[in-house]
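Here are my notes on the packing in this model. Have a look at the structure first, then read on.

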Amino acid sequence: MANFFRTLNRVSPAFLGLAIALSTATGAVAQTVSNDEVLDQINQYGTEDTNGSMGQGVPGAAQFTDVSPNDWAYQALDDLVRRYDCLKGYPNGTYRGGRALSRYEFAAGLNACLQQIERLIAASTADFVTRSDLEALQRLIQEFEAELATLGTRVDALEGRVAFLEDHQFSTTTKLAGEVIFAATSDFSDGTGTASGVTNSLSDAVFGNRVRLELNTSFTGEDRLVTRLATGNLAILPTIGATTGFEGTQTFNLNGDSTNSNSVNVDWLAYYFPFGNSQAYVAATGGIWSDFAPTLNPYFEDYDGGNGALSTFASENPIYRIGGGTGAALSFGFTPIESILGPSTVTLGYFAGNASDPSEGAINSDYAMLGQLNANVSDRFGLGLTFVHAYHTNEGTNSTNSIFGAGASPNSGVVGTSLANNPSSLFNGTLGPEVTSRGTVSNSFGAEMAFRPSDSISVSGFATLTQARLISRGDAEIWTFGGGIAFPDLGKEGSVLGIFGGAQPTLRGIEGVNVNNADFDKDFSWHIEAFYKYQLSDNISITPGVIWLTDPNQGAGDSSDAVIGTLRTTFSF
């Protein structure tokens with residue numbers, strides 16, 4: 001009997017408590033009961049209420065009318081009823097814990113609990129692996145032993161390669177990206193135009209390159225330090241009648257090398273990092289507004305790369321070309337108008353064109369300040385409102401800083417007519433150098449929008465008014481506007497057909513003393529562009545395109561239309 005109780009104790013301490021209670025509750029187990037009485041007792045116990053109606057839903061030992069919580073074996077009985085549901089008592093709702101127990105009754109109660117325990121164990125191990133499963137697995141291992149050995153070898157080789165790369169990797173925090181452009185371009189006009197009495201002859205078709213290598217470094221996983229090296233040898237084509245104009249500028253002409261001699265320069269160095277729920281930006285050199293302000297010109301804008309529009313004009317609103325260089329910006333991630341216009345950002349920024357020069361610094365050099373509100377009115381419609389205030393030092397002298405020069409070196413406009421970039425060139429200069437060296441203040445008001453009526457069509461456009469105050473000389477008004485339609489994935493995934501048209505920045509009026517108004521035409525010079533970027537592979541695209549400029553440089557002299565043809569090949573990695 002002692003061995004039996006030790007075995008039972010492995011099943012449940014509560015069950016052992018029941019055995020002790022059953023065997024000792026009355027002080028002894030009856031040995032002299034007749035066979036008929038025993039059969040009658042067993043039959044009575046066997047007719048217990050198996051549907052659970054006897055207790056009326058009362059849990060545990062409390063369902064028995066003759067069991068009290070004060071009884072010394074109450075806890076053991078309650079645990080057995082709750083955990084194993086195998087002691088139901090008699091049909092009249094009693095347990096009869098105080099009467100003598102025969103061995104037969106003990107065996108009947110014990111058997112009922114053991115059967116319930118077996119059922120519980122079987123239910124809890126129904127999903128366990130059986131011996132037959134193990135035997136089947138062993139047969140599969142033997143059958144595919146050769147393949148498993150090969151797989152193990154490959155895993156070992158892969159681990160070796162990973163270890164080698166970790167030991168020889170360039171950096172754990174930096175990734176390298178690159179873009180190489182091969183471009184052939186030419187002006188197919190007749191070459192008979194003149195500008196300021198100088199006859200221009202067209203150059204033959206030119207073929208050259210532009211290379212960018214970009215190092216992206218992250219120190220926290222949420223920030224990014226950008227270091228970009230650039231070089232190239234493609235100069236701006238001289239459009240007819242516009243030897244000093246910038247209307248023919250294409251994106252690959254912006255190569256960080258003013259001499260176009262393939263000299264390598266750090267043309268962009270900037271750092272992005274989170275600031276609360278906003279995004280902060282700091283540029284040490286080469287910063288432009290489109291680095292952080294949404295331009296809303298999808299498929300045309302590629303940040304002067306080789307996968308968007310050909311020209312700088314079709315790439316983005318020229319208002320983003322006013323100012324640049326060294327500075328900082330903050331794009332706020334939450335604005336009060338979100339409840340009206342949907343997800344939106346407010347962007348504020350400041351750039352200085354010559355901040356590294358101790359004689360000028362970040363305050364006294366030419367500068368620009370931007371404020372922009374961008375709203376995603378819906379999933380398919382975006383709207384932007386942009387304001388740029390700028391000061392252009394020495395505008396109109398030999399060290400002219402062009403209005404649309406992106407903060408680069410003097411005489412380096414990147415879009416628009418020469419008069420729109422330098423309207424003070426119309427003055428006769430009779431006011432003296434002390435006046436003409438005071439510079440220009442400009443205030444520009446722009447609007448941008450992007451609309452995507454379907455997944456295969458994208459429409460975008462912009463317009464900007466620039467009001468320029470030529471200090472101590474007069475005032476000028478400059479307009480620009482344009483719009484385009486793009487067909488993404490046309491012909492092949494990743495390919496784009498783009499058509500764009502509008503007026504590049506054009507001087508529409510000027511007032512002041514001794515202004516030579518006869519030297520320019522106030523009519524708009526139109527820009528019409530079409531290109532098709534064909535995606536050969538994930539890393540190579542070919543883009544043929546044409547740019548048509550009507551009366552470039554606002555019709556100065558006897559100018560003719562310019563037609564520029566380009567074939568651009570872009571390698572990205």
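1. Start with the largest nonpolar core, which has 50 residues. By that I mean buried Ala, Val, Leu, Ile, Met, Phe, Trp, Tyr and Cys joined through side-chain atoms within 4.5 Å, with buried meaning under 20% relative accessible area (1.4 Å probe, protein chains only). Tyr-281, Trp-289, Phe-292, Ile-322, Val-388, Phe-404 and Ile-510 touch the most other members. Strand β15 (residues 496-512) gives the most to this core, four residues; strands are DSSP runs of E, at least two residues, and helices runs of H or I, at least four, numbered from the N terminus.

2. A caveat: this is a predicted model, where local features need pLDDT of at least 70 and side-chain atom pairs count only at 80 or more, while totals for chains, interfaces and linings use all residues. Residues are numbered from 1 along each chain as its sequence is written, and side-chain values use heavy atoms, leaving out hydrogens and water.

3. Leaving aside neighbours within four places in sequence, Val-388 is in contact (heavy atoms within 4.5 Å) with residues including Trp-289, Ile-322 and Met-369.

4. There is also a second, separate core of 13 residues, with Leu-80, Leu-87, Tyr-95 and Cys-113 among them.

5. Now the rings: Phe-300 and Phe-500 form an edge-to-face pair, 5.3 Å centre to centre and 65 degrees between the planes (pairs need ring centres within 6.5 Å, using the six-membered ring for Trp, and edge-to-face means planes over 60 degrees apart). Phe-300 sits in the loop between β7 (278-287) and α8 (312-315) and Phe-500 in strand β15, so the pair ties together parts 200 residues apart in sequence. Both Phe-300 and Phe-500 are buried.

Conventions: Rings of Phe, Tyr and Trp (its six-membered ring) pair if their centres lie within 6.5 Å; planes under 30 degrees apart count as stacked, over 60 as edge-to-face and the rest as tilted.
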